Amino acid sequence: MEKCTDFTCNPEYMVEWNKLMEKQKVFLQFIDDPSNPSKFVLEGIGEVDVEKLWERRHLAQQAFDLRMRMVAYWKTVLRRLVDSVALHLLFTVQGLVNKELEDEVVSQVVGPQGGGLQRMLEETPAVAAKREKLKRSISLLKESREVVAQIMDRVSTADMEN
């Protein structure tokens, strides 16, 4: 993918490149003085051999710019690569888990031992007990309603007689 494109639209690239380019002035000042050692330590980059650049000082600015663009681009690509690998791993693991779960459900429902669907439709003892308890409660409530209705009838008839 990276070979197909020679640019990046990622804003991190420009931020990184601008940060690296802030060091250009110090680098060029170092190049202008041939009495300096041939090795220059550039923060964030490391040690740079500048001996060849003394012979071609007129290219030092372009060389620095090109190098900083390459470094910024590489850092951006590296971050994207790490993110892509992490996303791919998560996606693959999720797919494997989903496939395993699907296979397990299918084997339980229509597996060789059979009766999976029937087992799933059977009522558990706890649910059966709760259902019976609720039936008894409904029955008691109906009886209570009838008793309350009879009492209300007696009360209303007694009020009419008075």
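**Close-up views of a predicted model**

**View 1. Meet the largest nonpolar core.** Among the 18 residues of the largest nonpolar core, those that touch the most other members are F27, I31, F40, L42, V50, F64 and M68. A nonpolar core here is a set of buried Ala, Val, Leu, Ile, Met, Phe, Trp, Tyr and Cys residues joined through side-chain atoms within 4.5 Å, where buried means under 20% relative accessible area (1.4 Å probe, protein chains only). Two or more residues come from each of α1 (11-21), α2, β1 (39-42), α3 (51-55) and α4. Helix α4 gives the most, with five residues. Helices (H or I, at least four residues) and strands (E, at least two) are DSSP runs, numbered from the N terminus.

This is a predicted model, in which local features need pLDDT of at least 70 and side-chain atom pairs count only at pLDDT 80 or more, while totals for chains, interfaces and linings use all residues. Residues are numbered from 1 along each chain as its sequence is written, and side-chain values use heavy atoms, with hydrogens and water left out.

**View 2. A look around F27.** Setting aside neighbours within four places in sequence, F27 is in contact (heavy atoms within 4.5 Å) with F40, V48, V50, L53, A60 and F64.

**View 3. Where α2 meets α4.** Helix α2 (residues 24-32) and helix α4 (residues 60-110) pack at an angle of about 140°, and their axes are 10 Å apart. Axes are lines fitted to C-alpha atoms, for helices over the stretch in contact, and angles run from 0 to 180 degrees between N-to-C directions. From α2, the residues Q24, F27, L28 and I31 meet A60, Q61 and F64 of α4. By class, this contact of α2 with α4 has five nonpolar, two polar and no charged residues.

**View 4. Q24 in its place.** Here we find Q24 in helix α2. Q24 is buried, with a relative accessible area of 13%. Leaving aside neighbours within four places in sequence, Q24 is in contact with Q61 and F64.

**View 5. Where α1 meets α4.** The axes of α1 and α4 cross at roughly 140° and come within 9 Å. On the α1 side, the contact is made by E12, Y13, E16, W17, L20 and M21. Their partners on α4 include F64, D65, M68 and R69.

**View 6. E16 up close.** Helix α1 holds E16, which is buried, with a relative accessible area of 8%. Beyond neighbours within four places in sequence, E16 is in contact with A72 and K75.

Methods
Nonpolar A, V, L, I, M, F, W, Y, C, P; charged D, E, K, R; others polar. Buried < 20%, exposed > 50% of the residue type's maximum accessible area, 1.4 Å probe, protein only.
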